[in-house]
Amino acid sequence: MNQKAKETKFIDVRETMIPSSPLEGLGLSEEAVEDILNTHAETGGSIMDIIVQKKLLPEAEFLEAMSRQFDIPFRPELPTEDLDVGYTKKMPIQYLKKHRMVPFETPEEHFIAVNDPTDFQSVDDLRRLLGKGGGGIVLSTQAAILSAINQAYDRGRESAEEFIQDMNEESPDRIISEIEETADLLDDTSDAPIIKLVNLMLSRAVKERASDIHIEPYQNTLAVRNRIDGVLYNVLKIPKRVQSSLVSRVKIMAKLNIAEKRLPQDGRIDIKVGDKIIDIRVSTIPTAFGERVVLRLLDKTGVIFRLTDLGIDPERFDLFDDLIRSPNGIILVTGPTGSGKTTTLYAALSTINKPEINIITIEDPIEYQIEGIGQIQVNPKIDLTFAKGLRSIVRQDPDVILVGEVRDRETAEIAIQSSLTGHLVFSTLHTNDAASAITRITDMGIEPFLVSSSVIAIIAQRLVRVLCPECKEEYTPDDKSLSKVGIDKDMLEGRRIYGNVGCPECMNTGYRGRMAIFEMMVLDDHLKRLILKTSDSNLIRRDAVKGGMTTLVRDGARKILEGVTTIEEVFRVTRI
């Protein structure tokens with residue numbers, strides 16, 4: 001270790017005088033101490049775990065006390081940059097997680113972070129495995145240690161490309177004999193190359209924030225593409241001989257029939273990658289060159305968005321907030337698949353969710369669990385459709401109903417009847433813009449007078465990629481580019497237009513994350529009278545714009561002028 005490096009005081013705990021009781025100096029009552037010691041005598045385990053489980057003291061506070069008693073540094077945050085992760089090849093991840101300790105070696109210092117300062121034997125064993133002493137020890141929280149372990153083993157894994165080069169064809173029987181599923185992909189130590197490959201594909205997709213993985217068979221190869229921020233990127237080219245084993249492995253994880261290759265199948269996989277719990281929807285279809293597989297990834301640990309996170313401008317934010325608090329009526333959110341419709345509706349429900357309001361949803365699938373809301377999963381296998389579920393929901397005395405999607409006339413009719421009998425109904429449609437939703441509903445066979453008397457607002461939306469703040473660059477666009485998104489020279493006064501460049505922070509795409517742009521059409525008396533006369537979306541859209549509706553393109557232009565996104569991005573998602 002470099003003598004000039006920053007020095008940290010490390011003391012072997014066996015060189016210190018261990019207090020007669022680790023509970024001294026914690027400020028606990030005699031009754032609490034007695035309860036802890038009795039529990040420890042009965043069940044064993046760590047004193048700290050007992051204290052934290054009984055909520056007698058926060059973990060950090062207990063560790064600070066241990067730090068003073070044992071004279072060991074306490075570090076609530078651990079360095080995770082520039083780590084040497086070579087040790088990940090020497091020991092299984094389960095060993096470190098079990099004993100809650102992790103070695104650190106940086107250019108400046110090396111040490112072992114532990115959660116239990118009295119677990120001497122495990123520290124000694126780890127030092128022997130490392131073969132170079134391992135340095136001193138420091139105390140840290142369980143969460144910080146587990147996070148560091150997960151990051152280290154994620155970085156220390158081989159790349160998917162390394163497996164592809166020497167992978168041999170494996171029979172389905174060999175795959176079935178391997179582990180069916182693992183609690184945490186980072187914990188999986190299977191030697192089967194096909195299992196390692198699938199696990200690496202999944203963990204890589206999660207790390208890159210991918211929403212979908214496409215496994216696409218062609219005549220001589222198998223392509224894997226990840227959809228990141230709404231755009232597909234090529235990530236792997238796999239030899240054709242691996243196709244059968246790879247698809248079979250995914251189908252086994254999704255509990256699908258691996259022998260059936262002629263019919264489409266749908267399934268689900270629940271996995272854990274480090275700190276993230278991921279729900280994966282699996283879809284397979286037969287093609288000329290074999291089965292094509294698409295996996296849609298949903299991060300269950302994701303935080304429910306609030307209305308303020310959606311990117312609605314202040315003027316329309318107040319309008320939207322008023323709409324979702326209406327006593328009755330239907331609010332429709334429209335857009336293509338993956339445009340964030342469900343996220344917007346969840347944000348609306350979270351905003352109005354109160355104990356005095358009964359909210360029930362029927363969804364396919366349930367993407368996030370929201371406390372205080374009854375959520376029903378559509379199940380076609382037992383004939384639980386949107387329409388049948390909606391009929392039952394109405395008998396549950398709801399105030400607010402969310403229907404995942406209006407797919408047919410029956411569902412639309414029940415939703416309209418529910419809104420006319422005093423319920424506020426949220427739902428989604430697949431249409432290009434807000435006005436087209438009227439045409440779509442009337443095409444289902446719903447009478448125009450029912451539409452005009454029940455629907456109170458239609459919101460169309462798209463997701464645009466947000467410029468990476470690390471590498472975006474200002475530039476002057478040409479007139480043709482500006483005209484594509486309705487920006488004129490006068491609007492540019494005092495504004496800056498940015499373009500995407502690309503850097504390691506954004507994986508050289510120039511974008512990081514996405515934001516919604518909105519088109520909010522409120523059905524006033526004029527539009528309701530127009531709907532009674534015609535369902536022509538062009539006429540409805542024209543009059544809505546005259547009445548002050550901000551279109552998707554105009555909202556996108558506002559985001560461009562604010563430096564949030566690019567002209568090309570808005571044009572890409574709004575081009576109809």
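## Salt bridges

A salt bridge is a side-chain nitrogen of Lys or Arg lying within 4 Å of a carboxyl oxygen of Asp or Glu. In this predicted model, local features need pLDDT of at least 70 and side-chain atom pairs count only at pLDDT 80 or more, whereas totals for chains, interfaces and linings use all residues. Residues are numbered from 1 along each chain as its sequence is written, and side-chain values use heavy atoms, with hydrogens and water left out.

A search of the whole structure finds 27 salt bridges. One of them joins the side chains of Asp-543 and Arg-542, with N and O 3.2 Å apart. Burial is stated here by relative accessible area: buried means under 20%, exposed over 50%, and partly exposed in between, with a 1.4 Å probe and protein chains only. Asp-543 is buried, at 12%, while Arg-542 is partly exposed, at 45%. Another salt bridge pairs Arg-262 with Glu-260, whose closest N and O atoms are 3.3 Å apart. Arg-262 is exposed, with a relative accessible area of 66%, whereas Glu-260 is buried, at 15%.

Helices (H or I, at least four residues) and strands (E, at least two) are DSSP runs, numbered from the N terminus. In helix α20, residues 552-561, Asp-555 and Arg-558 are three residues apart and therefore separated by about one helical turn. These two residues form a salt bridge, the closest N and O atoms being 3.1 Å apart. Asp-555 is buried, with 1% relative accessibility; Arg-558 is partly exposed, with 23%.

The pair also belongs to a network of salt bridges that links Asp-313, Arg-316, Asp-555, Arg-558, Lys-559 and Glu-562.

## Packing of helices α9 and α10

Helix α9 (residues 193-207) and helix α10 (residues 243-253) have axes that come within 10 Å and cross at roughly 70°. Axes are lines fitted to C-alpha atoms, for helices over the stretch in contact, and angles run from 0 to 180 degrees between N-to-C directions. Angles under 35 degrees count as roughly parallel, over 145 as roughly antiparallel, 65 to 115 as roughly perpendicular and the rest as oblique. The two helices α9 and α10 are therefore roughly perpendicular to each other.

Contact means heavy atoms within 4.5 Å. From α9, Ile-194, Ile-195, Leu-197, Val-198, Met-201 and Leu-202 meet Ser-245, Leu-246, Arg-249, Val-250 and Met-253 of α10. By class, this contact of α9 with α10 comprises nine nonpolar residues, one polar and one charged. In this scheme Ala, Val, Leu, Ile, Met, Phe, Trp, Tyr, Cys and Pro count as nonpolar, Asp, Glu, Lys and Arg as charged, and the others, Gly among them, as polar.

## Backbone features in loops

Asp-229 has a positive phi of about 55° although it is not a glycine. Asp-229 is found in the loop between β5 (221-228) and β6 (231-239), and is buried at 9% relative accessibility. Lys-255, likewise not a glycine, has a positive phi of about 60°. The loop that holds Lys-255 runs between α10 and β7 (265-273), and Lys-255 is exposed, with a relative accessible area of 58%.

A cis peptide bond, with omega near 0°, leads from Asp-364 to Pro-365. Pro-365 lies in the loop between β11 (359-363) and β12 (374-377).
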